[in-house]
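Please read the briefing below alongside the sequence and the structure.

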Amino acid sequence: MSFDAQLLALVFASKKKAPKNKQKRRTKKAYKNWWEKLKGDELKSLCRAANLPVSGTNATLCDRLCQGELSAPYSYEYAPERFSMARFDYEFGSMRGYGSDPDNDHCGHCAPPPAQQGSKKSSGYSNDDLKKMCKEKGLQVSGKRFDLVLRLLQNESGVGGAPKRVATDEIGNPKKRAKSMKLPNVEKIEERVYKKFFPPDEVTLKWSNNKHKYHGKDCINWSTNLLDKEVFDKELFERGEERAAWGVINAVLYRLTEGDKERRDEYYAEQTSRGGMIFALGGTYVEFNRCHWDIKQDFLPRIIKGIEATSSKDVVDELSGDLLYGFHRQLRGYMSEESVASFTDALNEYIPRKDGSLVEPEKQYRMVTGEELQAMSNSRI
């Protein structure tokens, strides 16, 4: 090899980049059943409760629990049935007369492939199902999924320890937990409402598209439960604590009406100081697009109940009159007049304003004649 060829080879070799050490992507472990998610001590506790041997490796214990008479029904978590093209082809073939008969199996298989694989199946139990089963058998419903399954197995087998049961009275009926009648802390509730309605960007950036879509619906349902727990279950109106009751209601109405006003004001002040163009800041209002039904059926009846439970009209107007009217205007931008008719009637009856009815008469539209159009144009000249 000549000197020039050796020099060119050295130049090209120096230009080649060293290969980067690519980090291997961590893949999630595929679990065949729910038992594989548990630790060794937990598996042994479940085996004892199911009256099964506790010796062997974790894989051996999982196999025993899957095949055990008492433990087999709890082997899988619940997940809704997913669409499977192979299952669709099989069922469609069965409808046309083949697919289920081995002699006429044009699809090449007699049984549909499983639509779900892993630790979750549509035939499994969800945590809510397990809690319901525990409640029916008088067992405690607190704790993780492992605790619920352990109590159910201990209750069925009678071995592996005594399951934790609900406290009962003299007759044997489960004792009801005494309701907390403590007055709500309005300041803390305002903080909770703000965090629920407008979480920080670090949280929302991790949301799925569906989570963003139905955030407004989630906020309305959460607010309904909040009013039930902090206002009506504590009987604040019956106890004469109207100011505390309306403090909780106003905390919700303010965010539904004004949104994240603090963030908007901060943004506008910053843009004004820079002297640049000011654009509308998105994400600072709760969208009512996908929660019409929840507002009409659940949330508005609570607000109307609070209005009717207040001692006098003047008290309602003083404590929450402006917010109620502002919330009504906000709703009219998203919902029809019929959807908020009961709310409108309650406002007109209990806190009427000087300008009369809240509902504006519908405008009548008609075709403009040529003479009227000419007169309008002449008047502008």
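**Charges over rings**

The charged end of K211 lies over the ring of W207, 5.3 Å from the ring centre. A charge sits over a ring if NZ of Lys or CZ of Arg is within 6 Å of the ring centre and within 35 degrees of the ring normal. This is a predicted model, in which local features need pLDDT of at least 70 and side-chain atom pairs count only at pLDDT 80 or more, while totals for chains, interfaces and linings use all residues. Residues are numbered from 1 along each chain as its sequence is written, and side-chain values use heavy atoms, with hydrogens and water left out.

- R145 has its charged end over the ring of W34, 5.2 Å from the centre.

**Helix α6**

- Helices (H or I, at least four residues) and strands (E, at least two) are DSSP runs, numbered from the N terminus; the expected span is 1.5 Å times one less than the number of residues.
- The buried residues of α6 include R145, F146 and L148. Buried means under 20% relative accessible area, exposed over 50%, and partly exposed in between (1.4 Å probe, protein chains only).
- Among the elements covering these buried residues are α2 and α5, where contact means heavy atoms within 4.5 Å.

**Aromatic pairs**

- The structure holds 12 aromatic pairs. Rings of Phe, Tyr and Trp (its six-membered ring) pair if their centres lie within 6.5 Å; planes under 30 degrees apart count as stacked, over 60 as edge-to-face and the rest as tilted.
- Y74 and Y125 form a tilted pair, with ring centres 5.7 Å apart and planes at 40°.
- This pair links parts of the chain 51 residues apart; Y74 is buried at 3% relative accessibility, and Y125 is partly exposed at 27%.
- F288 and Y334 are edge-to-face, with centres 5.3 Å apart and planes at 75°.
- Ring pairs join F288, F299, F327, Y334 and F343 into a cluster.

**Residue K196**

- K196 lies in helix α7 (residues 186–197) and is partly exposed, with a relative accessible area of 23%.
- The side chain of K196 makes a polar contact with that of D218 at 2.9 Å. A polar contact is a pair of N or O atoms within 3.5 Å; within protein, one must be able to donate a hydrogen and the other to accept it, and residues adjacent in sequence count only if both atoms are side-chain atoms.
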